[in-house]
Structures are given as C-alpha cells and as structure tokens.
Amino acid sequence: MRIRFWGVRGSFAMSGRDFLRYGGNTTSVELVTAAGERLLIDLGTGATELAKTLMGGEFGKGQGQLPILLSHTHLDHIQGLPFFTPFFIKGNQIRILGANPISGLSLEATLQNQLAPHYSPLNGLENLAAGVSIETIQPGAALEVPGFEIETGAVPHGSMWTTAYRITADGKTVAYLSDVEYPSYEDPLEVALSLARGADLLIHDAMHADHDYELRRGWGHSPAAAGVVVAERAGAKKLALFHHSPDATDDMIDEVVARTTARTAVPVFAAAEGSYLDV
Ligand SMILES: [Zn+2]
C-alpha cells in the first residue's frame with residue numbers, strides 16, 4: 001500500500017518560507033493499493049492538489065471512483081471539498097463516509113450547510129455534477145470499501161469526538177488518529193490502542209510540542225508524546241507525527257522529531273506534504 005500526504009497541517013492552512021518543507025495545506029491523506037484501488041482520508045485544502053493529479057486520469061473523463069473517509073467536519077478537514085475538481089465532472093462516482101457527532105444530524109446535512117450560499121457559490125450538494133453519495137457512519141462499525149478493510153472508533157476531540165480509522169490493504173495496516181486528545185496522554189484510551197494494534201504505520205495527532213502542551217490542554221489535540229505512547233503500547237511499527245500546528249515552522253517540527261526520536265525505539269518522522277511512503 002502506498003501512502004501520500006497531500007496535507008499535514010492542522011487548524012488552518014499556512015504559507016510562507018518557514019513552512020515549505022513540511023507544507024502548509026490542511027489534512028488529506030491518500031492510500032493506494034498495489035491493484036490501484038484508492039482511498040482518501042479527509043478533504044482539507046491538501047485534497048485540491050490531489051484533485052489536479054486525478055484530473056489527468058479517469059476523473060478528468062468522468063470515469064473515476066473515489067471513496068473518502070472523514071475524521072470529522074471541522075473546517076480544516078473539509079475545506080477542500082468545494083474546490084475538489086472531480087466533483088465537477090459528470091460521471092465520477094464519489095462516496096463520502098463519516099460520522100456526525102452532532103446528535104440527530106446527518107453527515108449530508110452538515111456538508112450541505114458548507115455549500116449554502118452564505119459560504120459557497122455552489123449553492124448545495126445537488127449542484128455537484130459527479131454522482132456523490134454521503135453516508136453517515138456509526139463509529140465502531142466496520143466499513144466496506146473495495147480493496148480496503150476498515151475499522152472505526154470514536155476518540156475524544158475537545159468538546160466533541162472524531163472518528164479514528166484502522167485501514168488494512170495488501171496485508172499492511174495504517175491507523176489514522178488525527179484530532180484526538182486523551183484524558184491523559186500517558187494513558188491513551190483502549191479504543192486508540194485497539195485501532196493501532198500492530199499497525200505498520202500510525203499516523204497520530206502531534207499538534208503540540210511536548211513543552212507547549214500544558215498551556216493548551218483541553219483544546220482537543222495531542223502533544224507529540226501521545227503518539228509515542230500509543231505506538232509503543234499498541235506495538236505499531238512506525239509513527240508519523242501529523243496535524244502540525246500552524247505555528248510550527250519547519251525548524252520547530254525538526255526539533256519535535258529529534259526530541260521524539262530520542263525518547264523511543266519506534267521509528268518516528270513528521271508527515272510532510274507531497275511525500276510518499278510504501279508500507
Ligand atoms: Zn483538525
């Protein structure tokens with residue numbers, strides 16, 4: 001399975017020379033199997049870069065099929081939706097799966113709000129030319145997506161929760177735990193450990209440098225150390241620090257990687273926009 005990080009930044013997109021190496025786009029991660037089946041996680045601004053690549057192939061001809069998993073609908077995870085060009089080509093089939101933590105609301109209702117005229121000239125999901133299906137999932141349920149086995153779980157994110165994913169394909173497993181803050185990062189919740197158990201790659205929220213965390217406790221995000229604890233306890237083979245703070249410059253992220261690497265035997269790197277990884 002090949003992974004490409006199209007957006008690795010959290011909260012809002014950044015630009016400028018201090019953000020060139022790790023990238024400024026918000027979260028979007030592509031997974032592709034050896035047979036060519038594709039899955040996208042989150043539709044942050046990074047997804048618009050993927051869209052350009054997709055349009056050069058089947059999606060430009062209206063023959064593309066893409067399942068997309070959403071961790072949640074905070075803006076940094078859906079801001080690429082109104083600008084994701086495969087939506088504008090008739091014939092493409094795009095399936096969006098995600099939970100809605102606001103009780104009684106469907107995922108479709110929330111995404112419809114995003115395209116309301118107050119926020120977007122698209123004026124509603126019905127104006128997207130592609131075939132779009134939006135499925136509200138219940139965390140804890142397994143999902144059926146061609147080529148991928150997917151397990152899900154709800155993890156705490158400030159005053160709400162997000163959906164975390166365990167995705168297996170080609171005999172390899174990736175766990176995606178972005179936008180999570182455990183009651184104590186030294187003692188992560190069982191749901192997180194279970195999703196990350198034995199994973200070949202754990203992609204984990206690392207919004208805060210460890211020394212900044214105390215001032216930001218309760219904001220819904222993790223210090224880099226949280227991913228280490230999850231990776232060690234769950235036996236994950238590699239850790240990608242993810243959802244970098246918009247305040248974190250390239251040099252600051254390098255420092256976080258160095259400090260994090262020094263405290264664990266698990267191989268650690270910081271996810272960088274545009275980088276590929278074979279797991
Ligand atoms: Zn986020």
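Leaving aside neighbours within four places in sequence, Y176 is in contact with V29, I41, A164, Y165, I167 and I203; a contact means that two C-beta atoms, placed from the backbone, lie within 7 Å. The model is predicted: local features need pLDDT of at least 70, side-chain atom pairs count only at pLDDT 80 or more, and totals for chains, interfaces and linings use all residues. Residues are numbered from 1 along each chain as its sequence is written.

**Overall form**

- The protein has seven helices and 14 strands; helices (H or I, at least four residues) and strands (E, at least two) are DSSP runs, numbered from the N terminus.
- Along its principal axes, the C-alpha trace of the protein spans about 50 × 40 × 40 Å.
- Of the 279 residues, 46% count as buried. A residue is buried if 20 or more other C-beta atoms lie within 10 Å of its own, exposed if 12 or fewer, and partly exposed in between, with C-beta atoms placed from the backbone.
- Among contacts in the protein with a separation of 6 or more, 68% are between residues 24 or more positions apart.

- Seven strands form an open sheet in the order 6-5-4-3-2-1-14, with mixed pairing; two strands pair if DSSP finds at least two bridges between them.
- Strand 6 (131-136) and strand 14 stand at the edges with a single partner strand each, so one side of each is left without a neighbour in the sheet.
- Neighbouring strands of this sheet are turned by 20° against each other on average, direction ignored.
- Strand 1 (residues 2-7) and strand 2 (residues 28-32) run antiparallel and are joined by five bridges; I3 has L31 as its bridge partner in strand 2.
- Three bridges join strand 1 to strand 14 (residues 276-278), also in an antiparallel arrangement, and R4 stands opposite Y276 in strand 14.

**Helix 1 and its two sides**

- In helix 1 (residues 47-55), the buried residues are A47, T48, L50, A51 and L54.
- These residues cover an arc of only 150° around the axis, which puts them on the same side of helix 1; the arc is that of the directions from the helix axis to the C-beta atoms.
- K52 and T53, on the other side of helix 1, are exposed.
- The buried residues of helix 1 pack against strand 1, strand 2 and strand 3 (38-41).
- An α-helix has 3.6 residues a turn, so residues three or four places apart point the same way.

- Another open sheet has seven strands in the order 7-8-9-10-11-12-13, and its pairing is mixed.
- Strand 7 (143-145) and strand 13 (268-270) stand at its edges, each with a single partner strand, so one side of each is left without a neighbour in the sheet.
- The twist averages 20° from one strand to the next. Such angles are taken between N-to-C directions and run from 0 to 180 degrees; the axes are lines fitted to C-alpha atoms, for helices over the stretch in contact.
- Nine bridges join strand 8 (residues 148-157) to strand 9 (residues 160-169), and these strands run antiparallel; I150 stands opposite I167 in strand 9.
- Helix 6 (residues 224-234) lies across strand 10 (172-177), strand 11 (201-205) and strand 12 (239-242), and runs at about 150° to strand 11.
- Helix 7 (residues 250-262) lies across strand 12 and strand 13, and runs at about 170° to strand 13.

**The nonpolar core**

- The largest nonpolar core has 75 residues, and those with the most contacts inside it are A175, Y176, L177, A196, L202, I203 and L241. Such a core is a set of buried Ala, Val, Leu, Ile, Met, Phe, Trp, Tyr and Cys residues joined through C-beta atoms within 7 Å.
- Helix 6 supplies the largest share of this core, seven residues.

**The surroundings of D42**

- D42 lies in the loop between strand 3 and helix 1, and D42 is buried, with 28 other C-beta atoms within 10 Å.
- Not counting residues up to four places away in sequence, D42 touches T27, S28, V29, L70, S71 and H77.
- The C-alpha atoms of D42 and A199 are separated by 20 Å, and the two residues are 157 residues apart along the chain.
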